[in-house]
Amino acid sequence: MDKDTVLEIRDLHVSTAEGKEIVKGVNLTVRQGEFHVIMGPNGSGKTTFAKAVMGYPSLKVTKGDILIDGKSILGLKANERAKLGIFLQFQNPVEIEGVGFVNFARSARESATDSAIDMKQFMSEIRSYTEKLGITNGIIGRSLNHGFSGGEKKKAEVLQMALMKPKIAMMDEPDSGLDIDAIKVVAKNVNEIAESNRTGLLVITHYSRILSYMKPQHVHIMADGKIIAEGGKELIDKLEKEGYDSFLNGAE
Amino acid sequence: MEYYKSFVAEAKELSAKLPEEQNELYKRYIVTLPLSDFAAALDTSLEDPEEERALVAYTERIHKSFGVRFDLIFGSTKAISTGSSFIKVIDVGRLTDDFFSRKMHRSDEDKIIAFIHACSRKIVLIDIPEGQKASLNVLFANGKLPLSAQVAVKTGKDSQLSLFEWCGTVESITASSFSGIIHEFDIGKHSSAEVNIVRNEDSKSCVSGFTKGVVKDGGKLLVNYVYNGGACSRVKNEFDAEGYGAQAVVTEMIIGSAEQKFDIGTVVVNSSGDTITDLESKAALMERSMCLLKGFADIRETAPGAKSFVNERGIVLDKGAHIDSIPGMSINNRNVKASHSSATAPVDEDSLFYLMSRGTSERDAKELLIAGFFAGSISKISAPFVKEIVSSLVQEKIKNRGFGIIPEARTSNIWGVSDSRHMMFRENYKMQSD
C-alpha cells in the first residue's frame, strides 16, 4: 500500500440481514485527493456498497475487507469510522425532528475531533458555507433535514461535509432532486471542499450530468454487485453514447 | 387505624372496578397501586419530627440545581409558604378514623381519589381574581409519611396564571411511600392558565394523580405533565372544554427506566360549540419500564364546530421496555373535526445510523433522538426555567437512567437571582402554622 492510500476495499462481499448478497466482490483503492466515480444502473449495489463502507448495522460483510490507512475497520461502528475520516453523503437523508441543525453539526464536529469547538468561529464557518451553497439561513435554524426540500437536503449534506473535513467522502447521488443551477453549485462546492482538504472523493451516480462540472480521475462501472469496467473519464463518454447495455453485454 | 386498614384493603380491591376500567379493553391494562404497603408507614409514624428539616434541605437542593424559588412548599404534614396572596392553605384536621369517614364520602368515584381525600390534612387553594396575573411555583414532597394533597385552582375572568409544580421526595426513604395529588381546575371566562407539573418522586414512591379541569367560555387551559419519577404511577385526568370557544390543551411526557410502571389515563371533553381539545402523549421507555397510555376524547352532542385531537407516540429504547397505547374517541356531533393516532416503535435504525455516521456515539445519538422526540412537547412550555428543568430531566434520564434532582444542572441565570440562592431559608419562607 502506498502512503497516500486512504481507503482500500479488498474483495468486498456484502449481504442484507436476510442473507441476500448485494455486493459480490468489489476491489477499490482511493488515495488522498483522488476523485473516483462509481456509476451503475438501478439496483447494481452502489448504495449498499457505500453504506457497508460506512458501517450500516443491518448489512453484513461476508467476505473481504475495508481498510482505512492500512487498518481494517470491519469491527468498527459508524461513529468510529466517521472519526477515522469517512463521510457518507446520504441519497435520502433522514428527517430528524427536534434535533437542531447547528447543535447536531457542533456535536458531530466535536465527536469527530474529540475537542470542544469555538462556537463563534464555528458559526462563522457555517455562515460562510451557507452563502457559498446558497442555503437560506432558515434551514440552519430548523430541525435536521426536517421539512427541507430535496435540494436543501443535498446542500445541507455538502455543508456537513465541509464542516467535517473528511479524508474520504462518499457522495451518494449528490445530484438527484437538484435543478441545473443547484447541480452547478453543489459540484463547485464539493470540488472546492475536496481540494482544500485533499479529500478522496467517491461519487456515486446514475447520470453523468453532475460530472460535467467535476473532474473525476477514475471511473468504475458497477453492475450486479461487481465492478465490471474501470477507466478514466472516457468511460463516462462511452456511457453517454451507448448506455449501460454496452457494458452489461460486454460483461456477459 | 383499624378503619384505615380496612379502607386500604377495600381501596385495593375496588381500584380495579373504576368506571372506565369496566371498558373491556381498558380493564386489561391497569397498573394497580399497592396501597396496602402504606399502612405500615402511617401506623408507625403519624408525625415525622424531621419533616420540616427534610423539606428545607430538599428545597435548597432544588434551588441549588435549578435556581427555583417556591411560593409554597407542601409536605406530608407541613406547609411552608412565602405568603403569596394567591395561595391559601386550609388545615382540614388530623388523621382520625372520624376524619376518614367524613372525607372518603367526598368522592367515591375512585377509591384512590377517596384514599387521597382521606389522607389529606391540608388543602391548597390557588385563586387568581378577575383581571389579575400570577406566576407561582409550588413544591410537593412525600417522605416517610405519604403525601396526600388536594389542590383547587380557580382563575377569575380575564386573569392569567402560570403555575409550576415540582413533585418529589424529600429524602432517600427506606420503605415505600405514597404521593397522591388531586387537582381541580376551574378556568374562568376568557382567562388563561398554563400549568406545568413535573412528577419526579423517588424510586420507592407510589405515585398517583387525579385532575378534573373545567374551562369556561373563551378560556384556555394548557397543561404539561412530565412523568419521570416514582416506581409505580397511576394517573387519571379529565379536562372539559365546557364553555363556548374554550380550549384544553394537554401534553404528557413520560420517561421511564428500570422497572418503572406508568398508567396514564386522560380524557378530554368538548362540551360546547367551537371548543378545542388537544391531547398529546409521548413516552420514551428504557430497560424494563412499561407504560399504558389511555387517551380518550369525548365530543358531546352539544359541541358543534368542536375540534379534538388525540395523539400518542412511543419510543422503546430497550427490548425489555413496553408501551401499550390505546387512544379512543366518542363523537356525538356530526359537525366536528377530530382525529386520533398512535404509534410506538424502537429507535429508528436509519436515524441512528445517520447520526452515528457523523461521529456521534450510539449513546449520544439515542440521547439526541429522544431529546428531539420530546422537543416539540417541551416547546409548548412558555417559562424558560421550566423548559430547562424538563430538558435536564430528560437528558439525565437518558444519560444516566436516573431521576431525582440533577446535581450539576446548568441553570445559571434562569431566574437571574443567583446571588440570592444561598440566602437563609428562613428569610424567604415562613411556616404555615399547624
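This report covers confidence in chain B and a sheet in chain A of a predicted model.

**Confidence**

The model scores ipTM 0.94 and pTM 0.81. Chain B has a mean pLDDT of 81. In that chain, 75% of the residues reach 70 or more.

The table gives their confidence and their contacts in the model.

| Stretch | pLDDT | Contacts beyond near neighbours in sequence |
|---|---|---|
| Residues 95–109 of chain B | under 50 | 23 contacts, beyond four places in sequence |
| Residues 405–434 of chain B | below 50 | 45 contacts |

Where pLDDT is low, predicted coordinates should not be read in detail.

**The sheet in chain A**

What is the strand order in the open sheet of 4 strands in chain A? It runs β2-β1-β4-β5 (chain A), and the pairing is antiparallel. Strands β2 (21–31) and β5 (71–72) of chain A form the edges. Each of these edge strands pairs on one side only.

Strand β1 of chain A, residues 5–15, runs antiparallel to strand β4 of chain A, residues 60–68. How many bridges join β1 to β4 of chain A? There are 7. I9(A) has I66(A), in β4(A), as its bridge partner.

Helix α1 of chain A, residues 46–54, packs on this sheet. The helix touches β1, β2 and β4 of chain A. Its direction makes about 65 degrees with that of β2(A).

Note on methods:
Residues are numbered from 1 along each chain as its sequence is written. Chains are lettered from A and ligands numbered from 1 in the order in which they are written. This is a predicted model: local features need pLDDT of at least 70, side-chain atom pairs count only at pLDDT 80 or more; totals for chains, interfaces and linings use all residues. pLDDT is the predictor's confidence in each residue, from 0 to 100. Two residues are in contact if their C-beta atoms, placed from the backbone, lie within 7 Å. Two strands pair if DSSP finds at least two bridges between them. Helices (H or I, at least four residues) and strands (E, at least two) are DSSP runs, numbered from the N terminus. Axes are lines fitted to C-alpha atoms, for helices over the stretch in contact, and angles run from 0 to 180 degrees between N-to-C directions.
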